[in-house]
Amino acid sequence: MTDLSHRIEAKRDELIALTQDLIRIPTLNPPGENYRAICDYLHRRLSARGFACELVRAVGAPGDSDRYPRWNLVARREGTRPGDCVHFNSHHDVVEIGKGWTRDPFGAELDGDRIYGRGACDMKGGLAASIIAAEAFLEAHPDHAGAVEISATADEESGGYGGVAYLAQEGWFAPERVQHVIIPEPLNKDRICLGHRGGWWAEIETKGEIAHGSMPFLGDCAVRHMGAVLAAFEERLFPAMAARHTEMPVVPEGARSSTMNINAIHGGQPENPPDFDGLPAHCVPDSCRIVIDRRFLIEETVEGVRDEVIGLLDDLKARRENFDYEIRELNRVIPSMTDRDAPVVRTVTEAIREELGLEASYVASPGSYDQKHIDRIGKLKNCIAYGPGVLELAHKPDEWVGVTDMLDSARVMGRSLERLLLPS
């Protein structure tokens with residue numbers, strides 16, 4: 001091991017404590033809780049270690065409000081001479097807890113080599129690993145060139161518009177100030193993620209006519225119309241998507257085809273609050289809505305994805321009596337892919353070989369992450385995801401991250417800093 005690797009390994013207890021502290025700040029999104037608390041925690045830590053820290057609120061971004069402000073932290077440590085800037089970007093928000101947990105979701109319990117908790121894998125373990133790597137590098141090489149940046153950003157789990165997208169719009173990822181970006185998402189410590197599939201989200205509403213439930217023939221059931229939509233998806237759209245395959249190295253294997261998730265369905269009367277024990281009224285529903293989450297391949301276009309869905313709906317309108325609908329696009333993300341010969345890819349590849357004795361594999365993510373904003377808005381192509389954790393654990397109950405995996409990833413990150421910011 002190199003001197004830097006030994007330094008990182010010696011910080012095992014510190015890495016565990018840092019990861020636990022981060023998990024114990026419940027930054028749930030939605031709605032966006034405790035964003036300022038986690039940024040303040042990191043500000044205290046990094047400023048004490050010589051980083052110039054700036055808190056940035058994404059004023060006006062989706063979800064930003066006085067109750068739930070979208071806070072981000074950017075920390076920068078300058079070297080002693082000119083050189084490139086290496087930026088580690090992690091999102092600090094986590095998804096809802098969900099059901100099925102056997103451990104305290106925010107207890108950050110250490111059990112053997114694993115730390116459990118919501119966000120442990122996705123991606124507070126990666127954030128902690130990047131901080132330990134950067135701090136160890138700066139201790140070992142105070143005379144480095146260029147700069148090291150660490151950011152903790154908001155709202156990646158809901159699109160990143162209150163985080164990286166806002167920072168990119170404000171110039172924080174401009175190629176003249178940042179040259180290399182590593183996003184420590186949980187893709188496994190021997191894999192480099194080059195990019196991600198695209199996404200198209202939409203809400204579809206079918207229309208009906210309210211009437212008494214004992215005389216449904218006097219109304220028009222919007223839920224039945226939505227049933228016809230779902231049947232058309234099952235019979236035509238899902239088989240068509242399954243037949244398409246990408247050349248992108250997407251993992252897991254099932255994501256190498258186009259996919260679509262029915263994210264939500266709402267029809268008829270609103271769901272009653274838990275303390276209501278009355279009976280429903282007798283009404284024919286005059287509206288039914290679904291939200292679709294369509295993930296598409298780099299070989300497809302977002303226009304083609306949209307037109308395919310609209311074509312199915314228009315066909316139903318032509319064939320089905322009284323069928324009417326509205327569709328509203330919620331969001332779109334274009335696929336992103338970094339070239340395998342990009343400097344940051346080559347650097348991390350060599351670091352994995354040197355630190356872990358493994359040949360890196362190159363993958364693409366089934367879902368999008370904040371690379372999309374660094375690429376499309378920031379115009380910075382030299383960006384990858386690399387970090388500890390098992391992708392399939394993200395958003396699951398009893399989510400965990402391995403301590404050894406975090407240490408190994410931190411060694412790779414530290415070695416990458418040496419390759420990029422020290423004289424060859």
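1. Leaving aside its neighbours within four places in sequence, which residues is Asp 122 in contact with? In this predicted model, the residues in contact with Asp 122 are His 91, Asp 93, Val 94, Glu 157, Glu 185, Pro 186, Ala 394, His 395 and Glu 399, once those neighbours are set aside.

2. Asp 122 belongs to helix H4, which covers residues 120–140, and its side chain makes a polar contact with the side chain of His 395 at 3.2 Å. Although Asp 122 is buried, it has no salt bridge, and the nearest side chain of opposite charge, that of Arg 118, lies 7.5 Å away.

3. On the cysteines, a search of the whole structure finds zero disulfides; Cys 193 is in none, its nearest cysteine sulfur being that of Cys 383, 9.4 Å away. For Cys 383, the closest cysteine sulfur is in Cys 193, and because the separation is 9.4 Å, it is too far for a bond. Cys 193 counts as buried because its relative accessibility is 0%, and Cys 383 also counts as buried, with a relative accessibility of 1%.

4. The largest nonpolar core has 61 residues, of which Leu 42, Val 348, Ile 384 and Tyr 386 touch the most other members. Helix H4 gives the most to this core, contributing eleven residues. Apart from it lies another core, of 26 residues, including Leu 167, Val 178, Ile 183 and Cys 383.

5. Returning to Val 348, and not counting residues up to four places away in sequence, this residue touches Ile 182, Ile 192, Ile 384, Tyr 386, Val 412 and Ser 416.

Note on methods. Residues are numbered from 1 along each chain as its sequence is written. This is a predicted model: local features need pLDDT of at least 70, side-chain atom pairs count only at pLDDT 80 or more; totals for chains, interfaces and linings use all residues. Side-chain values use heavy atoms; hydrogens and water are left out. Helices (H or I, at least four residues) and strands (E, at least two) are DSSP runs, numbered from the N terminus. Buried means under 20% relative accessible area, exposed over 50%, partly exposed in between (1.4 Å probe, protein chains only). Lys and Arg count as positive and Asp and Glu as negative; His and the chain ends are not counted. A salt bridge is a side-chain nitrogen of Lys or Arg within 4 Å of a carboxyl oxygen of Asp or Glu. A polar contact is a pair of N or O atoms within 3.5 Å; within protein, one must be able to donate a hydrogen and the other to accept it, and residues adjacent in sequence count only if both atoms are side-chain atoms. Contact means heavy atoms within 4.5 Å. A disulfide is a pair of cysteine sulfur atoms within 2.5 Å. A nonpolar core is a set of buried Ala, Val, Leu, Ile, Met, Phe, Trp, Tyr and Cys residues joined through side-chain atoms within 4.5 Å.
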